[in-house]
Amino acid sequence: MLQMTVMIIVQISRIYSKMSESQYKSVTHCLFDMDGLLLNTELLYSKAFNRITNRYGKEFTWEHKTKIMGFKTSNIAKVVVEMLSLPITAEEFENESVKIYQELFPSANLMPGAERLLRHLKQNNIPIALATSSNKQNFELKTQKWTNIFDLFDHKVLGGSDPEVINGKPAPDIFLIAAKRFFDNPDPSKCLVFEDAPNGVKAALNAGMQVVMVPDPMLPKHYIQNPTLILNSLEEFQPELFGLPPYST
């Protein structure tokens, strides 16, 4: 009787496991955002912006940050100046920001689970690409300690500098271009995007791709809308859910 009960429990567990996995479609390629997902830079952005805005009695908060996450670098200054009604031009804000970035960005560290996942995919010959809204200058500042990790990517799309990326997130441009640049030009449905920002999630969905979201714990929950999967950390990701090779035990 006990043996039969155990067998039933095991069968039910397998059924639920298959039901859980069936909501995800198998993929062949992976696309990664950078800021807040692979590198812990969101706090650095807030620190940089508040050095400027605090002089005018204004605070750059998470509500403000959420609206610009994923924007192209060239658009951020204009939006921040308008949102906080700062008595300076967007050009002045951007020029000041760039000076602060040079001080702060080189200290950026990897997020938990990022290196393990990227190395695992690379070792298993899964094509991977970076799709970041950062421009070339900021990318180099942020990654100077981690060139060995970012060299793992098959290619990188730096949306802030790339002439093909006309529209920033939540437009799908950056992810469609990143997919197109793989040697085999996969269908978007075969690409899995990893994101931390609401605008990035929307961009992935607009591109017709599945998206794993790893939101910052400080992100207001009402901004989390329709990701394929939500995780607290990349450490929690199970590649086999999307038909990718599992981690070896």
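Buried means under 20% relative accessible area, exposed means over 50%, and partly exposed is in between, with a 1.4 Å probe and protein chains only. Helices (H or I, at least four residues) and strands (E, at least two) are DSSP runs, numbered from the N terminus.

Now the ground rules. This is a predicted model: local features need pLDDT of at least 70, side-chain atom pairs count only at pLDDT 80 or more, and totals for chains, interfaces and linings use all residues. Residues are numbered from 1 along each chain as its sequence is written, and side-chain values use heavy atoms, with hydrogens and water left out.

Let's start with the strands. Strand E1 covers residues 29-32. His29 and Leu31 point one way, Cys30 and Phe32 the other, and all are buried. In a regular strand the side chains alternate between the two faces of the sheet.

What does E1 pair with? Two strands pair if DSSP finds at least two bridges between them. E1 and E4 run parallel, joined by four bridges. Histidine 29 stands opposite cysteine 191 in E4. E1 also runs parallel to strand E2, residues 128-132, with three bridges. There, cysteine 30 stands opposite isoleucine 128.

Next, strand E5, residues 210-213. Four bridges join E5 to E4, and the two run parallel. Leucine 192 stands opposite glutamine 210 in E5. Gln210 and Val212 point one way, Val211 and Met213 the other, and all are buried.

On to the helices. Take H5, residues 90-104. The expected span of a helix is 1.5 Å times one less than its number of residues. For the 15 residues of H5 that should be 21 Å, and the end C-alpha atoms are 20 Å apart, which agrees.

Which residues of H5 are buried? They are Phe93, Ser97, Ile100, Tyr101 and Leu104. They cover an arc of only 110° around the axis, which puts them on the same side of H5. That arc is taken from the directions from the helix axis to the C-beta atoms. An α-helix has 3.6 residues a turn, so residues three or four places apart point the same way. The face of H5 turned away from the buried side carries the exposed residues Glu91 and Lys99.

What do the buried residues of H5 pack against? Helix H2 (42-53), helix H4 (73-83) and helix H7 (136-143). Contact here means heavy atoms within 4.5 Å.

H7 also holds threonine 143. This threonine is buried, with a relative accessible area of 4%. Leaving aside neighbours within four places in sequence, threonine 143 is in contact with Met34, Leu39 and Phe150.

That brings us to the aromatic rings. Rings of Phe, Tyr and Trp (its six-membered ring) pair if their centres lie within 6.5 Å; planes under 30 degrees apart count as stacked, over 60 as edge-to-face and the rest as tilted. The whole structure has 13 aromatic pairs. In one of them, phenylalanine 150 and phenylalanine 153 are tilted, 6.0 Å centre to centre with 40° between the planes. Both are buried.

Another pair is phenylalanine 194 with phenylalanine 237: the centres are 5.0 Å apart and the planes at 80°, so the pair is edge-to-face. Phenylalanine 194 lies in strand E4 (191-195) and phenylalanine 237 in the segment after strand E6 (229-230), so the pair ties together parts 43 residues apart in sequence. Phenylalanine 194 and phenylalanine 237 are buried. One aromatic cluster includes Tyr24, Phe32, Phe150 and Phe194.

Some rings carry a charge. A charge sits over a ring if NZ of Lys or CZ of Arg is within 6 Å of the ring centre and within 35 degrees of the ring normal. Arginine 116 lies over the face of tyrosine 247, at 3.5 Å from the ring centre. Lysine 142 lies over the face of phenylalanine 105, at 4.9 Å.

Last, the backbone. Most residues other than glycine have a negative phi, and most peptide bonds are trans. Serine 85, in the loop between H4 and H5, has a positive phi of about 50°. This serine is exposed, at 54% relative accessible area. Asparagine 185, in the loop between H9 and E4, has a positive phi of about 45°. This asparagine is partly exposed, at 47%.

Where is proline 170? In the loop between E3 and H9. A cis peptide bond joins lysine 169 to proline 170, with omega about 15°.
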